[in-house]
Every structure is written in structure tokens, then in C-alpha cells.
Amino acid sequence: MRWSVEGVLEFRGRGDFQVKVRGRRVELGEVEAVLARCPGVGQAVVVVHNSAVAESVLAAYVTAEEDATIDTSEVTRFAESLLAPFMVPASVTVLDRLPLGANGKVDRRELPEPEFAPRTFRAPTTLYETVVADVFAEVLAIDAVGTEDDFFASGGNSLTATQVVSRINAALGTALDVREVFETPMVRQLAARASRSIAGCETRPAVVAPRPDRVPLSWAQNRMWLINQIDPSSPAYNVATIVRLSGELDFAAMASAFEDVLRRHESLRTWYPYGTAGPTQEIVGADQVEKIAMTTVENALHEQISNLVSEGFDVAAAVPLRAHLFELEEQEHVLVVVLHHIAADGFSMAPLARDMMAAYAARSKGHPPGWEPLPVQYADYALWQRQLLGSEDDPDSLLSRQLDYWRSVLADAPAVAVLPTDRDRPQRRSAGAGRVTFSIGADLHRDVVALARARRCTVFMVAHAALALLLFRSGGSDDVVIGSPVAGRGDAVLDDVVGMFVNTLVLRTRVSGTIDDLLAHVRESDLTAFTHSGVPFDRVVEALNPERSQAYSPLFQVLLEFRNTESPELELPQLQVEVLEPEVVSSLFDLQLALTQHYDGSGISDGMTACFTYSTDLFDEETVTALADRFVRILAAIVIDPSVAVADVDILAPAERTQLRQWRTHSGVIVLDPRLHPVPAGVTGAVYLVDPDEEDVRQEISSSDAAEAFVANPFGPPGSRMARTERLARWTRSGLLVDVSAAEDSPERSVTDVVASHPAVREAVVIEGVTGVVAFWVPVTTTTVLPAAEDLRAFSAHRLDSGLVPKQFLALGAIPRTTEGNVDEDALRALISDAEPSDVSRNHWTPLQQEVGEHWVAVLGHDDFGRDDGFFDVGGNSLRVVELQRRLDERWPGILRVGQLFEFVTVAAQADALSDSSPMTENDMPATFEF
């Protein structure tokens, strides 16, 4: 520090004031700099205070700015909002001035005794406190945890809280849930809660138990297996690690180390064939897995790596793992390891890297690694998970109880997110993707941390609220559904296991009220979701049975991911190691936001990196870049004033505001949201006419209430008016106003349009009957041969999602109408009741439909279905659809893939597809498909 010419003591960077407090290194200068930023504080000095009766703690001394009064509790709260907990001073003492030595520096020896009752370290005294403290220390990587330590103030978050709960429950046999960590975050409080939850809690099965002859897949693997079997050629779920190795490489040691790691982790030598009872885990010996190969390359390295990474796996045919070493020069190599997500998740990369380093170091010295065998393998976890969750047939099982929650919370949720896309959604999505990376500055990051602590939530929850607000303001729907992955490996015994543990939660948010209201709602909904995170995502999908579509993923299309996995530090003997990012990008969702928090050497928040991965089917890069900028602005608005209404948060950049002003100047039209804010380009809003006369308004508004459409124009001079029309529109990025009113009509309208577009149909009307959608149609007068219902059904099935294809097609001479000229729906419904449904008697089925129906009976175990009933509505599920595809493929080879059976879900539709005897080619397959 030094005195400025104005007589102010300034912090000039770090000196030699690095100390160690409770096992953590602290730069006193960094703490002093933060305290000096507190409003009202003029100068600050921090020292280590030693006491004979307590541990060493930090003590702060501050002086006040001119005319300012310092509240020491406010200074402490300010420090807690920005500093890691171990860096927050235990006391703050206010001085009139700081004592100076002859050299003008602060004379720390002359500082008085600090004014505080020391916050001493209180060691755990009971069994419960000891277990809770040990778990906190283990999960947070802290040397020592006392009874007064707060989990979240010590660096915990909502994801690591699930690990804490699982480990405490495993150690004590308790039944805590993640909500209790939020309600009682101190060691002392949570230990007391744990002691009360012992009685009556469920008995957890042992993680390791005798294995049966057939080992089923875990629930997470089951989902990966199904997706893979839809299109084994897709690289969408490949996990690649690419490492550049510079220096003297021992290839023999590398090859032996690779085999050591294969022997250590069963999941790396497992394949997943389909048996009589579904897919199983088949574990083979390390000698049966393809060895690491080495190739010398002089050029086209990028192309060879890309081919290796982008080639798919058939997990039902072989172990989904390959490794290749490319030799560029004698001392320059690139190692590429690719495996399917069914074998490992992102959290597995750290233990995998640690084991590979240990094995290579040992083999390079001529001996095998000296590690102890893993106490648990992934197959043990898969069996344990199924035993823990129980059966859905048992209403008291954990699985049943958690599924009841998800059925309730996701009832009537929107099937598809409303997003500001650049293009209409295709019938089949591709894997085409792009990325937009951006950053969140250190100051904003620290403000987010401070807000999260003040609201007793987490940074993840604040980011979730910001993303929900972004989707609300950019799409218009206040019912926002977002997916988010969770680690799924709470028990400590699973920390070193390579495998697919990750689960996906579906987070539903109603965006309304103020930002504070939104944060409270997000906190509550996220906590409840985390509490019910045991049930696997694919079981939630099966239970809710949403409409399957190859155009979008079920339940959610936007994912929020916090990447807080441990980054593996790779160190190999005589080698410099550089981890390279694979360039192959695929899109599994419409939008995926990944956030990574960064901290400086002292644990202070140091900014976040962020990345939007987006589907190029829907978005252009410029649109997603605008969404990224908008997300940062919303995040800043959240921390500046949480009392602002969510509908009033300013989401427009100055350049966007100027652009919109120019557009409305040229067209005299304004597009506004319900709060009369201008909407950004790509966002739908109501069209307002600027300074119109009454005649203009009457032409736009059909009702007699045209006068009520006038409102004051907040964008014009005083006294100017504008009028809301009945039109909806959005601006394109080029300034073109696109009317989207027709696109906002009901789904029945689009079905009607499809049926009416058949060449033989002159007029069509679609209504919802008791048994499903019914289409009435009138033939064109020139038609000599009427199309059969099967022809119209096949025509519609190629243009609509399966759930929108009419159950019945009834031909009429004319559509009945009322005296006012409207469609007489009562008369049409009378025709439905008089008409015999096409699937009441199988005598009406074609021979091909009857043969397909026999396969349905074999798979479902019953024949209570019609030819127009959906497979998933009569007992089918994702495993049974695989079995059905295998049966159909044996009879009609190469015609229908698994993915098509999610599109052709009825006997009639499948029979129509099979009548076309041309086998499906690779180019016809969807790139990705979500359940």
C-alpha cells in the first residue's frame, strides 16, 4: 500500500502478506481490497490474530470516508458476499486513523486488539456432527469443518448438496432430502435434523450384492441404448478425449496402461446385446477389447481425427470404445479415445484420467500400477439402483412415489417451447449445430454470488431464473420448461467409478411477478425437483407418455447445464500434455446453455464462461448471439434490482432499440408485448397503428369496440395515440414485418389444411371426437375414384405428427351448416356416433394390417386395440417398441427402423409403411432422436 498525493492510502497489489488460516492460503491484500470497496469505508488493513484459546483468525481494521458512518455488520456482510468464507474477517474494528510507521506504511504492530468475540472453530462433538462435518469437508475439499460452518457459504451448491445428502444417508442410515440442506445448512443444524430422521427411515440396499446371471442396464444406460438403436451411425452421444503429447513417449507403456485401465473398469469392456428380457450388460475380458492402435501421419490429421470421433457405435454389437495414437513426429503424438455415453459420463473423465496417469507412470518404470481394486463396479450400481427404486407396480415404492410427483408437476405442460426461431421446425430434426460462446465478467459473477447468498439459493438457481426470464420475454410463454443434468452419483463409493450415472431433471417455471418472486419460485421448484431426482428421466417420459415426434425432444427442448465437473490434470513422465477440444458439434436440443464458473487462486469468483449450442435447423448464429447478449443483460438486471417486475426488465440493447425505432418510423407500425414494451426482432407481439384515424382502426378491427383500441402512444409526442389491431407479427432481422396471426391458430386448423390439400378433397373439417380426431371431407366434383380412408390416412401421416393424424375419415356430399352459415358441429358429431369406427371389427382390416396386429399382440400381451390406436396408448413403451421393430424386421427386413415406429404408431400406419417394400437407407435415418 502507499499514500497518494491526496493523502489517501491505496492498495498497490500483493506484498509478502500471504498467510495460512485453517489450512487455506490467504492473500491479505486481496481481502483488504474488497473491504476498501465497501460503501463508507475509506481504508482497510487485515491481519492474522492469534489467541491462546482459539484458532488463528483474520481481523480487519477500517477507517470511514469523510462524513460516513460505518456499521461493522454491514462491512462483514459485504465481505461475505464477495469473498470465499475462509477469507471473511472474524472481526471488523473501526479506527479514526491507521497507525503509520516512519516510512509511511501501516505499522501493524501498533494496531489495537480487535473488538470482537472471536468466532472460534468449534469441533464436532457428536456422531452426527462428526459425520456431517466429514461429508462437508469431503465434498467441498476443505481441510476442516466446524459445527458453525455453513455449507453454501463454504462453497456448496445445489448439485453438490445432492451428494451431501446421499453420503450422510449412507453413513447414518437417515432419510434426509436435499431441501433440508437448504433449510439447515450449518453442520450443527443438519446434524440435529439427521438425528431426528433416523427413526422410521427406509433401509437402503447394499451397493454391492451378489450378481444374477443377467445384469440389466441402469436406467440411464437404458435410455442411451434405445437412442443408439434408433440410429447406431449417429455420433451425437460419442464422448471424445483428444490429447497432444509432446516429448519422449513410451508406446509399450501406453498400450499396457490402457489395458490396465480396461481391467480396472468393467464399464469400459461392456457391450449391450438384446436378450429375451431386453438389453443386458455383457462384461468381457480386457483381452477381448480392441487394443490401442498407432498410426504415423504426415498430413490430414484433422480429417482422420474427425472421422474417428464422428463414427458411430452399435452398442448392441460390440464394446463401444476405440483408442488411437497418431504419431506426427518422433516426439509429437496425439491420443484420441472415443467411447459412447452409455459407458461413461462427463464426471467419469477425472477418475479415468487419474487412473491412466498412474498406470502409465508405473508401466514406464517397468511394473504394473499398485492400486487397490475398486470396491464397486458399474454393474453393481445398476442392480442397486433398480433395487432402491423398486417397482412401479408397488404404489409404496420410491419409484412410484417420485413418479406421482412428476405426473403432477408436469401435467398439461407445453409440449414444445415457444422460441424466436429463424425457421419453421422441420418434421425430422437433424444433428446440425452451431455454438456461440460468451463470457460473464468477474464483477457480475460476484454480484450473482452475493444475490444467491442473500436469497438462500444458489448460482445455478439465479442462472435458471435468468434463462426462464429470457425464454419468457423472447418467446411469450410464461410457462417455461427447461431440462438440466444432475450427476447421479451421490455415494462416495462411486466417486472413482467410470460409468453413466447422470440423470436429467425437468424444471418447470411459471414466470410472473417480480424478479424476487421468480427467484423464490425457482428455488422452491428446483429444490423439490432435486428431492425427486432418483427417478430416471426415461421413466418420467414413459409415465407422462407425451406425443413422440422426430421434430423435437419430449418434455423440454432447452437445456441448462452447469459444468462443475472436476477438470482432470494430466501429467505424464517426460511428456508435456495438452487437452484438445473435439470440433465435432451435434445438437441434441433446440438450445443448450452451458455455464462454467471460475475462481482465482484465493477462491474469489472470477467470472463465468458460457456457451449456447443451438440447432441450425431452427436458428442462425446472429439470432443466438442476440439471445446470449440478452441473457447477460437479464442477469445484470436481476442483481441490480430484484424488485422489478419480470415483464418490465429491459432486454433490448441500445443498438436494437435504435433499429426498432428506425423500422417503425418507416412503416408507422409498432410491435409491442402485453406491457407495451417493443419486442426484439424474432419475437411475436401485437401490432399497433401509430396516430391512426378511426376509419383506419375500423378496417383493422372487426368488433364494434374499435374506440376502445386507442391508447396513449408512449413513443410519440404528448397527446399522440396508437391503436391495437387484431394482428400478431414479428420483425425479421432485416426489418421485414411478418404477420404470424394465422400461425397462432389451433392445431386442428393445420390438420384441416393438410387433409384439404389432398388432390381429391374439395373441403375438409376436423373436430375432436370421443375416440380422437375425426376428419370430414367433401370430394372435388371432377374426382371419378374416391380415395380410401387408408389413402387419406397415409397422406396425412407423411405431413403431420402421429398424434394429429385423424382416427377416422368420413366422406360427405356437403358439410352441414347452421342457418348463420357456420359449420354445424352437432350434426357432424351425430354422424360420428352413427358411423362404425374402422377398427371395431378386425374383419375390416387388410391382411397386412392383421399380420402387423399379430406382432403387436405378441409384444403387448393382449389384443385390446384397434388399427388406429397408438402403440404407446395401449401399453407400449420404449423397450417394447424395440422388440416390435425386431419382430417386424425379421418378417420385412430393412423396411422399418426403430425411429420410424415413433412416427408410425398405429397398426394402419405401420402396415402402410410396410406396403412400400424399399428398405430404409442410411440417408433416410434421423440423425438424433430423444425419448
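Cysteine 611 has a relative accessibility of 12% and therefore counts as buried, where buried means under 20% relative accessible area, exposed over 50% and partly exposed in between (1.4 Å probe, protein chains only). Cysteine 38, at 5%, is likewise classed as buried. The number of disulfides is zero, a disulfide being a pair of cysteine sulfur atoms within 2.5 Å. The model is predicted, so that local features need pLDDT of at least 70 and side-chain atom pairs count only at pLDDT 80 or more, while totals for chains, interfaces and linings use all residues. Residues are numbered from 1 along each chain as its sequence is written, and side-chain values use heavy atoms, with hydrogens and water left out.

The largest nonpolar core contains 199 residues, and Leu467 and Phe631 have the most contacts inside it. Such a core is a set of buried Ala, Val, Leu, Ile, Met, Phe, Trp, Tyr and Cys residues joined through side-chain atoms within 4.5 Å. Helix H14 (residues 459–475) gives the most to this core, with 13 residues; helices (H or I, at least four residues) are DSSP runs numbered from the N terminus. Neighbours within four places in sequence aside, leucine 467 is in contact (heavy atoms within 4.5 Å) with Ile482, Val558, Leu560, Leu593, Phe612 and Phe631. A second, separate core has 23 residues, among them Leu28, Val31, Leu58 and Leu83.

Helix H1 (residues 28–36) is largely enclosed by the rest of the structure, because seven of its nine residues are buried. The buried residues of H1 are Leu28, Gly29, Glu30, Val31, Glu32, Val34 and Leu35.

Aspartate 260 is located in helix H8 (residues 251–264). With a relative accessibility of 6%, aspartate 260 counts as buried. Apart from neighbours within four places in sequence, the residues in contact with aspartate 260 are Ala359, Arg363, Pro369 and Trp371.

The axes of helix H12 (residues 398–409) and helix H16 (residues 537–544) come within 10 Å and cross at roughly 60°. Axes are lines fitted to C-alpha atoms, for helices over the stretch in contact, with angles from 0 to 180 degrees between N-to-C directions. The crossing of H12 and H16 is right-handed, that is, the near helix is turned clockwise from the far one by less than a right angle. H12 contributes Leu399, Leu403, Trp406 and Arg407 to the contact, and H16 contributes Arg539, Val540, Ala543 and Leu544. By class, six of these residues are nonpolar, none polar and two charged.

Methods: Helix = DSSP H or I, 4+ residues; strand = E, 2+ residues; numbered from the N terminus. Nonpolar A, V, L, I, M, F, W, Y, C, P; charged D, E, K, R; others polar.
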